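I opened the model to look up a few local features. My notes follow in the order I took them.

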Amino acid sequence: MSGVRSAVGKPFVLIVEDEPSIVELVVYTLQQAGCESVVAGTVAQAWECLLRRPPNLILLDWMLPDHPGLVFLSRMRSDREFSDIPVMLLTAKSTEEDKVAGLDQGADDYVTKPFSPRELSARVKALLRRKTPEHGGAPLIAGALSLNPASCTVTLAGEKLEMGHAEYRLLKFLLANPERVFSRGQLLDRVWGDHVDIEERTVDVHVLRLRKALKDAEHLIRTVRSVGYMLSVKS
Ligand code: CA
């Protein structure tokens with residue numbers, strides 16, 4: 001799990017695949033596409049990886065040594081915490097019926113083996129753009145507040161707001177996932193990545209600073225008692 005630090009830095013991809021030559025190709029392709037990745041060779045390992053750090057995208061092989069990839073997919077989709085992580089099937093099964101079955105189970109896209117690195121890269125980027133706006137480059141907006149990932153700037157009604165890097169990343173994550181409550185632990189995992197040395201109350205400190213930086217838009221960051229925080233535009 002080395003090199004998997006900032007969750008709002010590079011997109012983080014979980015590769016579930018048991019064939020070494022394909023793993024090698026996929027890891028290389030993702031690296032070229034600007035993604036970080038971790039590899040699991042079985043459904044059991046994949047589940048451990050998922051719990052340790054939820055990825056931005058999962059590439060899932062169909063035929064795995066312990067269970068079919070679809071077992072993992074349906075287990076994931078029925079778990080509220082992981083149900084909306086985008087999944088792309090990597091499959092040698094090329095019949096129309098199998099593709100339909102995969103998409104029925106909640107896969108967002110699929111590539112059929114053998115695939116070219118260029119095709120895989122393009123499909124991964126397209127899926128990330130569609131499913132995880134914080135990696136898409138488009139401005140994230142809530143009311144008069146706007147965050148521009150390309151220029152790393154935040155404006156409120158056109159006026160530029162100054163904030164620290166941690167507050168910026170926290171805001172970016174919350175803007176990309178509005179109206180959803182996150183616990184302090186989830187925010188640590190998703191915004192700060194694998195840092196075990198950061199305490200949960202540190203999140204409170206950054207939320208406090210973020211609210212101050214947001215000036216008249218501070219009410220967008222809500223405290224949900226005994227749960228955590230959310231960004232909401234509803235009054
Ligand atoms: Ca396989």
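I began with Ser226, which I find in the loop between S11 and strand S12 (228-231). I take helices (H or I, at least four residues) and strands (E, at least two) as DSSP runs, numbered from the N terminus. Phi of Ser226 is near 60 degrees, a positive value in a residue other than glycine. Ser226 is exposed, with a relative accessible area of 82%. My classes are buried under 20% relative accessible area, exposed over 50% and partly exposed in between, with a 1.4 Å probe and protein chains only.

The model is predicted; local features need pLDDT of at least 70, side-chain atom pairs count only at pLDDT 80 or more, and totals for chains, interfaces and linings use all residues. Residues are numbered from 1 along each chain as its sequence is written, and side-chain values use heavy atoms, with hydrogens and water left out.

Next I checked the strands around that loop. S11 and S12 pair in the antiparallel sense over four bridges. Two strands pair if DSSP finds at least two bridges between them. Arg222 stands opposite Met230 in S12. The open sheet has three strands in the order S10-S12-S11, with antiparallel pairing. Strand S10 (182-183) and S11 are the edge strands, each pairing on one side only.

I looked up other backbone entries. Lys215 also has a positive phi, near 50 degrees, in a residue other than glycine. I find Lys215 in the loop between helix H8 (200-214) and strand S11 (221-224). Lys215 is partly exposed at 46% relative accessibility. The peptide bond from Lys113 to Pro114 is cis, with omega near -5 degrees. Pro114 sits in the loop between strand S5 (109-112) and helix H5 (117-131). Most residues other than glycine have a negative phi, and most peptide bonds are trans.

Which residues coordinate the calcium ion? I get Asp18 (OD), Asp61 (OD) and Met63 (O), at 2.1 to 2.3 Å. Donors are N, O and S atoms within 2.8 Å of the metal (3.2 Å for Na, K and Ca); water is not among the atoms, so sites may look incomplete. Along the chain the donors follow the spacing D-x42-D-x1-M. Asp18 lies in the loop between strand S1 (12-16) and helix H1 (20-32) and Met63 in the loop between strand S3 (57-61) and H3, so this pair ties together parts that are 45 residues apart in sequence. Asp18 is partly exposed at 35%, whereas Met63 is exposed at 56%.

Then I searched the whole structure for aromatic pairs and got three. Trp47 and Phe82 form an edge-to-face pair, 5.8 Å centre to centre with 80 degrees between the planes. Trp47 lies in helix H2 (residues 43-52) and Phe82 in the loop between helix H3 (69-77) and strand S4 (87-91), so the pair ties together parts 35 residues apart in sequence. Rings of Phe, Tyr and Trp (its six-membered ring) pair if their centres lie within 6.5 Å; planes under 30 degrees apart count as stacked, over 60 as edge-to-face and the rest as tilted. Trp47 is buried at 11%, and Phe82 is buried at 3%. Trp47, Phe72 and Phe82 form one aromatic cluster.

Arg75 lies over the face of Trp47, at 3.8 Å from the ring centre. My test was NZ of Lys or CZ of Arg within 6 Å of the ring centre and within 35 degrees of the ring normal.
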